[in-house]
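The tour below moves from one selection to the next.

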Amino acid sequence: MASGMLSGAQRALIRESWRRLSGSPVQHGLVLFSRLFDLDPDLLPLFQYNCKQFASPQECLSAPEFLDHVRKVMLVIDAAVSHLENLPCLEEYLCNLGKKHQAIGVKVESFSTVGESLLYMLEKCLGAAFSPDMREAWTKLYGAVVKAMRRGWEPLAEGD
């Protein structure tokens, strides 16, 4: 998870765009998750709290427990943005986060849909300010985060 994969200009674009969104993280996170459920409704059953299955994405998106999850997701993005100069320091945390996601049944393939949803949220919330260069910078950052999280899916070597 090399920090050098992002240029200084890309880091600046990410920081500037995230600064614009940081005042309303839950609102923007709901845009991301609404899009996620639109793209892949089969992900809805992964979100259960107290053994309660949600009947619809709308029910899930308004549940207090789910809103806590939205806050946590936005905090992970915030941590990545805050550590653009030193992304490797997040590697172990993200790997463990990947393990947690695997344990509840998330498939690695779902992360591409989450990435699409992240880009959709950025585009929707930033409007014309969301440039092709900004899209490329966010795509690189998200790719690095997912790469670290995917390590949580790697089987343990014999003897570990």
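**A cluster of rings**

Select Phe33, Phe37, Phe47 and Phe66: ring pairs link these residues into a cluster. Rings of Phe, Tyr and Trp (its six-membered ring) pair if their centres lie within 6.5 Å; planes under 30 degrees apart count as stacked, over 60 as edge-to-face and the rest as tilted. The model is predicted, so local features need pLDDT of at least 70 and side-chain atom pairs count only at pLDDT 80 or more, while totals for chains, interfaces and linings use all residues. Residues are numbered from 1 along each chain as its sequence is written, and side-chain values use heavy atoms, with hydrogens and water left out.

A search of the whole structure finds nine aromatic pairs. Keep Phe37 and Phe47 selected: their pair is edge-to-face, 5.6 Å centre to centre with 85° between the planes. Phe37 lies in helix H2 (residues 25–39) and Phe47 in the loop between H2 and helix H3 (57–62), so the pair ties together parts 10 residues apart in sequence. Helices (H or I, at least four residues) are DSSP runs, numbered from the N terminus.

Phe66 lies in helix H4 (residues 64–82), so its pair with Phe47 ties together parts 19 residues apart in sequence.

Now colour by accessibility, where buried means under 20% relative accessible area (1.4 Å probe, protein chains only). Phe47 counts as buried at 12% relative accessibility, and Phe66 counts as buried at 0%. Phe37 is buried too.

Note on methods
Helices (H or I, at least four residues) and strands (E, at least two) are DSSP runs, numbered from the N terminus. Buried means under 20% relative accessible area, exposed over 50%, partly exposed in between (1.4 Å probe, protein chains only).
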